[in-house]
Amino acid sequence: MQPRVLPTDPHDKLGVRRVINVAGNMTSLGASIAKPEVIEAVADILPHFVEIDDLQRRASQAIAKATGAEAGCVTACASAGVSISVAGAMTGANLAAIEALPDTAGLRDTVIVQLGHLCHYSAPIDQAVRLTGARLRTIGSVNEARPDQLAAALDENVAAMLFVVSHQTMQHGQIPLSECVRICRTANVPVIVDAAAEMDLSGFLSDGADIAIYSAHKALGGMTGGIVAGKTPLVRAAYLQNAGIGRGMKVGKEGIAGTIAALDAWAKRDRDAEWAAQQHTLTLWREAVAPYNAIKTQLVDDPTDNPIQRLRLAFQGDSNAAATFAARLAQGDPPVIVRDEFLDRNCFELDPCNLHPGEAEIVAERLQQEAESAGEAGAGGQTLTELRQASLARRLAWPD
Ligand SMILES: *Cc1c(COP(=O)(O)O)cnc(C)c1O
């Protein structure tokens, strides 16, 4: 059966700009293109009543099948998954303790994390832990954490260790997951892995993680949602937070049904075809800027080994060139939003994973246009710092 695809483009009706996303699965842009199977499942469930615990039981089976976990549940997002997993590690299935959070009196309430893992995904990850009432105990320095530091940190107050897998964390000098698991097992401390943006749905659990957390709306192309997968008692304790601090992180029937559909669709996706399409797009973009000496291009592998490559554009000369170029792409028609975490190193990246038909070609044209006019005063001649300040000021003035 062919999935139904919604035929209309809602931007005009809503009065918002259409943007081309070459940044990646970014929350600020609407995360990813939802798969047709997901859209269909969401539309099908929305008008109906369903017993949510039963639907979550069905989700648990789908998550178990996709990840190899004993059990799983769906929550509002990966960030919520971190919070309810940490809360569950403190309270277990004790309803009174669940209702008492963030008061943790009488509970083990310390969460260990390597300092180099404390990233910011448009919100600081430590806050997702702290809002449960848990205290964070960091180990190591940004660029070095050691097994002996972890072992020394495991006292009777420790409820869990949080391990973060992300391009945003420090990529070297950290204790590997399997070593964290080995050490934490000796103290009976569960290891919770935040793998929000990862495409490996089974590897962290098979490496011994007690819980692995994924975003439903990133690589899976689902509804906004989060997946908590792992050992049954810990997943149950995380799920029961819906009667406590998890209430404000509630997922509805549409998020649960959409996530089940995304997991089913994931199993059927043609990875080879997706890779080939990415490579085609990257070549197109690379050729578009090849004639311009001030721009050096490089294909870069994903830092956490997802099967994704991106095109890095590194600019010679003027230290504001990358920021100016990116700002001009974002201000153009249509706006093209790039992956901008390396602007201070005078480069940015183009991610090929979220394009509608025809958009790769539009991006290639826009690249060529901007490369042609590079050197002209762009973006008001502002420095990267000024551009960032202006962008922050715009956010702080919302809704103006
Ligand atoms: C994106 C991301 C999150 C947040 O995911 P949401 O599902 O949007 O809450 C958390 N952790 C990491 C490592 C991420 O990359």
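**Figure 1. Helix H2 passes helix H11 in a right-handed crossing.** Right-handed here has the near helix turned clockwise from the far one by less than a right angle, and left-handed has it turned anticlockwise. Welcome to a predicted model, in which local features need pLDDT of at least 70, side-chain atom pairs count only at pLDDT 80 or more, and totals for chains, interfaces and linings use all residues. Residues are numbered from 1 along each chain as its sequence is written, and side-chain values use heavy atoms, with hydrogens and water left out. H2 covers residues 36-45 and packs against H11 at an angle of about 150 degrees, the axes being 8 Å apart. That makes the pair roughly antiparallel (over 145 degrees; under 35 degrees would be roughly parallel). Axes are lines fitted to C-alpha atoms over the stretch in contact, and angles run from 0 to 180 degrees between N-to-C directions. Helices are DSSP runs (H or I, at least four residues), numbered from the N terminus. From H2, Glu37, Val38, Ala41, Val42 and Ile45 take part, meeting H11 residues that include Lys253, Ala257 and Ala265; contact means heavy atoms within 4.5 Å.

**Figure 2. Helix H3 meets H11 in a left-handed crossing.** H3 (residues 52-67) and H11 (residues 253-268) pack at about 20 degrees, with axes 10 Å apart. The two are therefore roughly parallel to each other. Among the contact residues are Ile52, Leu55 and Arg58 of H3, together with Ile256, Ile260 and Asp264 of H11. By type, the contact has 10 nonpolar, 1 polar and 3 charged residues (Ala, Val, Leu, Ile, Met, Phe, Trp, Tyr, Cys and Pro are nonpolar; Asp, Glu, Lys and Arg are charged; the others, Gly among them, are polar).

**Figure 3. Helices H12 and H14 cross in a right-handed way.** H12 spans residues 271-289 and H14 spans residues 359-373; they pack at about 15 degrees with axes 8 Å apart. That makes H12 roughly parallel to H14. Look for Thr281, Leu284, Trp285, Ala288 and Val289 in H12, which meet H14 residues including Ala360, Val363 and Leu367.

**Figure 4. Around the ligand sit 13 residues, of which Ala78, Ser79, Asp194, Ser215 and Lys218 come nearest.** A residue counts as near if one of its heavy atoms lies within 4 Å. A polar side-chain atom of Ser215 lies 2.6 Å from a ligand oxygen atom. For Ser79, a backbone N or O atom is 2.9 Å from an oxygen atom of the ligand. His217 places a polar side-chain atom 3.0 Å from a ligand oxygen atom.

Definitions and conventions. Parallel < 35°, antiparallel > 145°, perpendicular 65-115°, else oblique. Polar contact = N/O pair within 3.5 Å; in protein donor to acceptor, adjacent residues only side chain to side chain.
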